[in-house]
Amino acid sequence: MTKLVIVESPTKARTIRDFLPKDYQVEASMGHIRDLPASAAEIPAKLKGEEWARLGVNVDENFEPLYVVPKDKKKVVKELSAALQGAEELILATDEDREGESIAWHLTQVLNPKIPVKRMVFHEITREAIQAALKSCRTIDDELVEAQETRRILDRLVGYTVSPLLWKKIAPGLSAGRVQSTAVRLLVQREMERRSFRSGSYWDLKATLAAGRELFTAQLIKLGGVRLATGADFDESTGHLRKGKKVVLLGEQQAHELRDRLIKGEWRITDVSEREQTRSPGPPFTTSTLQQEANRKLGLSARQTMQVAQRLYEKGLITYMRTDSVHLSKQAIATIRQCVTDKYGTEYLHPTVRQYRTRSKGAQEAHEAIRPAGQQMPPADRLDLVGQERALYDLIWKRAIATQMADARLLLSTVEIAVDDAEFRATGRRVLFPGFFRAYVEGADDPTAALDDQETILPPLKVGQIVDCRKLEPVRHDTKPPARYTDATLVKTLESNGIGRPSTYASIISTIQDRGYVTKADNQLIPTFTAFAVNCLMENHFPDLVDTQFTAQMEQVLDEIAEGKVEGIPYLKSFYQGEQGLEGQIRVKEQEINPRDIHALTLDDLQARVRVGPYGPYIEQESNGDLIRVSLPENMAPGDLVNAEAERLLRQKGEGPTALGRHPASGEPIFVLVGPYGPYVQLGQNGENGTTPKPRRVSLPKGMKPEQVTLEQAVAFLELPRALGPHPETGKTVEAGIGRFGPFVRHDGEYRSLKQDSVLTVTLERALELLAQEKQTRRATPLRELGAHPEDGEPVAIFTGRYGPYVKHKKTNVSLPKDLPVEAVTLEQALALLQTKQASKSGRGKKRGEKTTKPKTKTAGKKSAKSTKTAKSSKNGKRSDSKRKE
């Protein structure tokens with residue numbers, strides 16, 4: 001007889017198998033084996049007539065959930081049931097958070113074991129941790145299960161009742177979510193702040209001074225004893241100085257006049273001060289801080305970070321990656337301190353053990369921070385890791401090591417220099433002792449910001465010393481609008497407001513992108529006009545669901561359910577069926593909401609009206625009694641739509657475009673236009689009803705604005721591709737042009753992208769240099785490699801795309817079902833998805849009149865799911881350990 005251990009994924013199973021005795025059999029459940037029905041097809045035949053079955057929750061029967069085993073999980077359940085037959089004990093070793101507890105509970109409900117069942121939890125997959133966990137198994141925590149089930153039902157109630165309302169009032173395919181709608185609101189609010197922002201400008205002077213042979217720089221800070229204006233002194237809504245500010249505001253002319261006056265004066269040191277500063281390392285990573293730092297330093301999205309971290313955890317290289325605790329175990333601290341001593345020496349070891357306290361709202365997931373696993377904690381260069389896995393492990397290792405290193409000591413210097421009635425200031429910083437800087441320096445959201453380990457050393461200076469002014473230049477500054485959210489800053493905001501939990505941040509950001517509410521450009525999360533329309537409906541008609549405090553309170557209730565302080569069913573009844581419950585609100589709002597009110601967006605100071613239609617956003621405005629409508633470019637951010645741009649688009653549509661000039665050879669007009677995919681140059685007029693050939697069009701290079709294009713440049717673009725000359729080896733022509741993916745050079749079918757060179761000026765020599773370089777393929781890095789296809793040996797892998805994760809084999813792509821986690825997909829499941837896709841393709845390819853033979857299938861009614869009545873406690877309204885309806 002064996003002891004059966006069940007985990008979530010094959011990778012985790014393979015790693016754990018090596019740490020268990022031979023009589024232990026380890027199998028994978030591939031994530032959840034059952035869930036609420038994802039579609040009507042999954043509803044058991046005998047329940048299809050029940051109205052509540054579409055919701056998947058019987059709200060009139062104490063919110064009894066309808067759980068089903070999806071078709072792609074039936075084989076897994078069959079295999080686990082077979083493995084259970086020969087076992088004497090079942091050990092459930094799923095992850096230690098609520099999700100893992102829920103998976104373990106569902107396994108017991110479906111497999112219905114008649115043997116002893118144990119729950120084994122561990123924070124890292126190492127031999128020591130697994131063997132220790134075997135000795136301290138427990139039972140399933142019903143309160144954690146109830147909290148997770150309540151969360152799942154809440155999400156279902158919101159998603160499956162509000163989303164259909166969005167379909168009716170705005171457009172099909174939209175969705176609302178308990179947390180995602182709050183995140184969308186944050187993004188829309190920031191974009192509105194950017195719209196209402198008015199930039200202000202101010203000038204100051206930057207001096208390059210010399211003390212002997214050493215140069216240093218200083219900034220003008222006072223004039224006539226009054227402080228110079230800075231960006232913080234401006235009102236963001238007007239672009240002018242805030243009322244009551246007693247500062248000097250320099251304009252361009254004043255700055256230049258002041259420069260001419262001061263450069264001739266005597267520059268004298270009036271004050272020199274120094275102070276020592278001590279810097280301590282930050283705590284080890286939690287889920288949110290890992291996502292933030294990986295986004296800043298490595299450019300990874302929250303989803304990519306969690307996918308890579310999952311693989312590292314399952315390989316036994318890091319501790320569990322879903323946690324909001326900064327605690328480190330005694331064993332971990334001892335190992336880290338030994339690593340510091342071995343690598344950096346005892347002088348870099350902090351004299352005492354440094355421990356951190358968790359301050360996150362509702363911390364509840366795991367009980368230790370993210371760190372390298374085990375008692376060795378080797379650095380990345382001693383592990384067989386490459387790419388993103390190596391980079392993320394290195395980040396985790398350095399952050400953990402830094403926690404036990406000595407403080408860094410800095411010497412900060414400030415020097416003030418007087419010239420005439422002006423006062424300048426120079427600042428310096430010198431590292432006295434690098435301490436933990438040797439291992440880790442926290443990144444910043446601004447990629448151009450200087451890291452803390454860089455030094456700015458001033459020359460030796462003393463009060464009364466005369467210095468030479470070698471250069472004095474006026475510098476213009478413009479105040480900047482509030483920065484758009486990045487993955488890092490959105491995760492930080494969600495966490496600080498208590499919205500969501502560590503395991504949900506990545507899925508929240510992924511979902512709002514997949515739904516078309518957000519686009520990503522230069523690492524910025526930009527809300528779309530559709531997001532504005534959805535947020536308008538939610539704010540006006542379901543304000544609680546997008547209120548940050550209300551959403552945080554819901555999270556707090558779920559935490560209290562997990563702690564046994566609150567019961568789940570009474571809370572669900574209050575939320576959904578209460579006096580102000582969601583069920584009643586939906587009924588009222590279906591009749592009350594006017595779709596045209598939602599489609600029309602109110603944007604401050606924009607004269608044209610913006611509407612969101614079934615084919616995307618557009619603007620409309622009356623002109624001479626006619627209503628002119630024009631679609632907005634696909635890549636236009638709401639914050640960037642200003643009156644000038646709206647007027648140009650409307651004028652282009654109503655009056656036709658204004659020609660930039662005429663082509664010197666043909667005499668045809670040349671236009672610079674903006675289409676759905678960006679700006680382009682066009683030669684000649686558009687034909688009517690296809691009577692004339694389509695005019696020649698060439699896209700503008702990325703970053704070039706329509707108003708910047710000259711007639712000479714437009715003519716040059718229209719003459720692309722241009723011949724650069726013959727290739728010295730083949731004699732064939734080398735050309736430069738603009739294609740679907742931007743500017744390029746090509747020769748004999750070989751292409752190289754032009755990243756920095758201008759397509760209009762690139763030379764033959766430069767083109768040959770680029771063509772000689774190894775080609776940079778556009779091939780994406782797979783999220784997971786599943787193995788070789790049994791028919792042709794070609795790889796089958798999972799990638800992420802614009803619409804979410806998908807399976808790829810050669811030229812065939814197929815999206816993953818939404819309820820199938822990337823980490824749980826097996827090669828067999830992927831092959832089944834590919835086979836279904838190929839079958840649908842061949843079916844569409846049949847010639848007219850050709851018969852298609854349909855395979856015989858069993859009717860849904862012949863085999864229905866078992867239904868077990870739920871035992872309920874009349875005392876407290878809780879479900880017992882419970883067989884939910886199946």
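**Entry 1: helix H12**

I began with H12 and found it mostly covered, with eight of its ten residues buried. "Buried" stands for under 20% relative accessible area, "exposed" for over 50% and "partly exposed" for in between, using a 1.4 Å probe and protein chains only. Helices (H or I, at least four residues) and strands (E, at least two) are DSSP runs, numbered from the N terminus. I am looking at a predicted model, where local features need pLDDT of at least 70 and side-chain atom pairs count only at pLDDT 80 or more, while totals for chains, interfaces and linings use all residues. Residues are numbered from 1 along each chain as its sequence is written, and side-chain values use heavy atoms, with hydrogens and water left out.

I listed the buried residues of H12: Asp487, Ala488, Thr489, Leu490, Val491, Thr493, Leu494 and Glu495. What covers the buried residues of H12? I found helices H6 (180-196), H8 (287-298), H9 (302-314) and H13 among the elements doing so, along with strands E14 (518-521) and E15 (524-527). After H12 comes Gly498, with a positive phi near 70 degrees.

**Entry 2: two partners of H12**

I looked at H13 next. H12 (residues 487-496) packs on H13 (residues 505-514) at about 120 degrees, and the axes are 11 Å apart. That makes H12 oblique to H13. For this I needed the angle classes: under 35 degrees is roughly parallel, over 145 roughly antiparallel, 65 to 115 roughly perpendicular, and the rest oblique. The axes are lines fitted to C-alpha atoms, for helices over the stretch in contact, and angles run from 0 to 180 degrees between N-to-C directions.

The crossing of H12 with H13 is right-handed. I noted the rule: the near helix is turned from the far one by less than a right angle, clockwise for right-handed and anticlockwise for left-handed. From H12, Asp487, Leu490, Val491, Leu494 and Glu495 meet Tyr505, Ile508, Ile509 and Ile512 of H13. Contact here means heavy atoms within 4.5 Å. I sorted the H12 and H13 contact by class and got seven nonpolar, no polar and two charged residues. In this sorting Ala, Val, Leu, Ile, Met, Phe, Trp, Tyr, Cys and Pro are nonpolar, Asp, Glu, Lys and Arg are charged, and the others, Gly among them, are polar.

Then I turned to H6. H6 and H12 pack at about 120 degrees, with axes 11 Å apart. That makes H6 oblique to H12, and their crossing is right-handed. Ala183, Leu186 and Leu187 of H6 make the contact with Leu490, Thr493 and Leu494 of H12. By class, I have five nonpolar, one polar and no charged residues between H6 and H12.

**Entry 3: H5 against H15**

The axes of H5 and H15 (residues 548-562) come within 7 Å and cross at roughly 150 degrees. That makes H5 roughly antiparallel to H15. I wrote down the H5 side as Glu143, Leu144, Glu146, Ala147, Thr150, Arg151 and Leu154, which meet Met554, Glu555, Leu558, Ile561 and Ala562 of H15. The contact of H5 with H15 divides into seven nonpolar, one polar and four charged residues.

**Entry 4: the cores**

Which residues touch the most other members of the largest nonpolar core? I found Ile619 and Leu641, in a core of 160 residues. H5 (residues 142-169) gives the largest share of this core, ten residues. A nonpolar core is a set of buried Ala, Val, Leu, Ile, Met, Phe, Trp, Tyr and Cys residues joined through side-chain atoms within 4.5 Å. Leaving aside neighbours within four places in sequence, I saw Leu641 in contact with residues including Arg195, Phe529, Leu603 and Ile619. A second, separate core has 28 residues, among them Leu228, Val248, Ile417 and Phe424.

Most residues other than glycine have a negative phi, and most peptide bonds are trans. I therefore noted some exceptions. Leu720 and Pro721 are joined by a cis peptide bond, with omega about 0 degrees. Pro721 sits in the loop between H20 (711-718) and E24 (722-726). Met30 is not a glycine, yet its phi is positive, near 60 degrees. Met30 counts as buried because its relative accessibility is 10%.

**Entry 5: the whole chain**

I finished with the totals: 22 helices and 31 strands, with buried residues making up 49% of the 886 residues.
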